[in-house]
Amino acid sequence: AAQSDSLPSLRTIEHVCSSDLANDMANIGRFVHGAAFDLLSALTERFELLNVKKVLRRLSQPERREHHLTLNSYDCSLFALVPPQQWDECKTPADVGRVLSHTYFAEPFRLGLASFGESHDLLRFEGGLEKAYYDTLLARVEALVDVQPGLVHRIVNLYFDEQCFNVIARLRFSYGWEGSAILPLLPWRGCTHLTERRFWELAALRSEAELVAALYALVGWPPPAEASMQTLTLRLRQARLAACRRAFLRASPLSVAPMVAFFFMKSQELADLISILQTKRFSMPVDLAQFARAAQVLAA
């Protein structure tokens with residue numbers, strides 16, 4: 001990633017690593033078809049969602065245009081919803097809308113753009129796009145007919161648990177959103193335990209500490225002495241890594257389950273790498289025990 005004697009930015013490192021994962025998925029996708037191909041496509045389209053977000057931030061934040069900050073687009077190759085060069089040609093929100101016109105992001109983008117024009121709330125705009133992605137991913141999982149589809153469902157359900165729990169905590173207690181604004185953005189139907197009734201019970205809690213205790217009870221895990229969203233997230237990731245390992249051990253090598261497991265395991269590996277680099281960059285202590293515990297799950 002380094003182009004000169006200076007060290008590359010974290011943004012460049014993350015882009016290069018994620019691009020490598022997208023390329024891996026494209027290579028794997030050449031050997032599958034039907035519902036399996038559609039599922040791998042949905043997983044890789046997460047990078048297409050990042051392309052949309054990058055363009056939105058560039059167009060909505062003047063400082064990015066003034067300082068000509070580069071925002072390289074991801075090339076999803078075989079799974080691309082939009083040819084990469086079209087993102088570079090987007091100079092206005094209308095251009096983005098035209099690029100997305102034949103994708104499942106078209107309607108949420110239209111609605112989000114109308115709302116953004118009134119409130120200038122980029123967080124809500126991006127939340128609507130994320131929900132469209134999650135709905136598509138869930139639909140592709142439910143359409144899967146595999147030798148052991150339950151292995152795939154377990155991995156993805158744990159992924160939705162992590163996303164939903166963290167979104168509830170962030171929007172409710174960091175941004176002060178009410179439950180009625182949060183629920184439409186949650187892919188709660190893809191979760192293992194979360195239902196609409198349980199969501200309203202969680203949304204009525206008055207502190208993040210109460211929420212954390214309720215979430216541990218929801219998934220049936222005894223909370224540690226110092227329970228937090230961070231410890232819960234780590235536990236969910238460990239469970240997902242264990243589910244990925246089971247997919248490698250129990251599923252047919254030619255089924256889609258090991259392919260899905262590979263995507264989530266490498267995604268987590270990249271996220272851990274970026275987390276370590278960020279803490280080193282800001283001279284913060286690195287909790288190596290956190291990553292060691294995750295590694296132990298894979299080695300078990």
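**Exercise 1. Is F160 buried or exposed, and what is its relative accessibility?**

Before you start: this is a predicted model, where local features need pLDDT of at least 70, side-chain atom pairs count only at pLDDT 80 or more, and totals for chains, interfaces and linings use all residues. Residues are numbered from 1 along each chain as its sequence is written, and side-chain values use heavy atoms, with hydrogens and water left out.

Solution. Step 2: F160 comes in at 0%, so it is buried.

**Exercise 2. Classify the ring pair of Y159 and F160.**

Solution. Step 1: rings of Phe, Tyr and Trp (its six-membered ring) pair if their centres lie within 6.5 Å; planes under 30 degrees apart are stacked, over 60 edge-to-face, the rest tilted. Step 2: here the centres sit 5.9 Å apart and the planes are at 50°, so call the pair tilted. Step 3: zoom out, and ring pairs link Y159 and F160 with Y133, Y134, F263 and F264 into a cluster.

**Exercise 3. Find which residues of α2 and α8 meet.**

Solution. Step 1: contact means heavy atoms within 4.5 Å. Step 2: on the α2 side, pick out D38, L39, S41, A42 and L43; their partners in α8 are Y133, L137, R140 and V141.

Methods: Helices (H or I, at least four residues) and strands (E, at least two) are DSSP runs, numbered from the N terminus. Buried means under 20% relative accessible area, exposed over 50%, partly exposed in between (1.4 Å probe, protein chains only).
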